[in-house]
Amino acid sequence: MALLGRFSGALLRPAPRAQARQLSAVAHGEQGAKTWKILSFVVALPGVGVCMLNTFLKAQHHSQEQPEFIPYTHLRIRSKRFPWGDGNKSLFHNSHVNALPDGYEGHHE
């Protein structure tokens with residue numbers, strides 16, 4: 001009976017604090033947050049700046065001419081009018097990039 005009492009007491013006793021689960025921020029301390037802050041400023045921000053510069057320079061060398069309009073039968077099919085505007089242009093229509101079924105807007109051949 002004494003053995004049963006000791007066994008049940010061991011099961012009901014709370015776990016020691018040394019075995020308690022630690023969260024990652026507590027386990028690594030302040031050094032982890034400091035490391036990520038430094039990496040953000042030294043690696044991430046210059047990386048975003050380089051990507052922006054690359055995009056800007058490529059846009060400067062890109063020609064702004066519209067490609068030749070070829071009226072393919074499987075593209076720009078309008079079986080129903082759009083419920084806005086004149087019904088022929090999509091919601092985010094860009095007249096410089098998107099062609100209508102009969103050609104680009106303002107494009108005189």
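This is a predicted model: local features need pLDDT of at least 70, side-chain atom pairs count only at pLDDT 80 or more; totals for chains, interfaces and linings use all residues.
Good morning. A residue counts as buried under 20% relative accessible area, as exposed over 50%, and as partly exposed in between. With that cut-off in hand, F82 counts as partly exposed, because its relative accessibility is 27%.

Let me turn to the overall architecture. The protein chain has 3 helices and 0 strands, and from the N terminus on its elements run α-α-α. Of its 109 residues, 6% count as buried. The accessible surface of the chain comes to about 10400 Å², and carbon and sulfur atoms account for 62% of that area. As for contacts between residues at least 6 apart in sequence, 37% join residues at least 24 apart.

I now come to the surface. Which residues form a nonpolar patch there? They are W36, I38, L39, F41, V42, V43 and L45, and together they have about 750 Å² of accessible area. One of them, I38, has its place in helix α3, which covers residues 30–61.

Next, the aromatic residues. A pair of aromatic rings is described by the distance of the centres and the angle of the planes. The structure holds 2 aromatic pairs. Is F69 buried or exposed? F69 is buried, and Y104 is buried as well.

The rings of F82 and W84 also form a pair, and here the planes stand at 15° with the centres 5.3 Å apart, so the arrangement is stacked. The cut-off for that term is an angle under 30 degrees. F82, as I said at the outset, is partly exposed at 27%. W84 is likewise partly exposed, with a relative accessible area of 33%.

One backbone feature remains. R76 is not a glycine, yet its phi is positive, at about 55°. This residue sits in the segment after α3. With a relative accessible area of 27%, R76 is partly exposed.

That concludes my presentation. Thank you for your attention.

Key. Residues are numbered from 1 along each chain as its sequence is written. Side-chain values use heavy atoms; hydrogens and water are left out. Helices (H or I, at least four residues) and strands (E, at least two) are DSSP runs, numbered from the N terminus. Buried means under 20% relative accessible area, exposed over 50%, partly exposed in between (1.4 Å probe, protein chains only). Contact means heavy atoms within 4.5 Å. Accessible areas come from the Shrake-Rupley method with a 1.4 Å probe; for residues, only the protein chains shown count as cover. Patches are made of residues with over 30% relative accessible area and no salt bridge: like charges are joined within 9 Å, nonpolar side chains (Val, Leu, Ile, Met, Phe, Trp, Tyr) within 5 Å. A salt bridge is a side-chain nitrogen of Lys or Arg within 4 Å of a carboxyl oxygen of Asp or Glu. Rings of Phe, Tyr and Trp (its six-membered ring) pair if their centres lie within 6.5 Å; planes under 30 degrees apart count as stacked, over 60 as edge-to-face and the rest as tilted.
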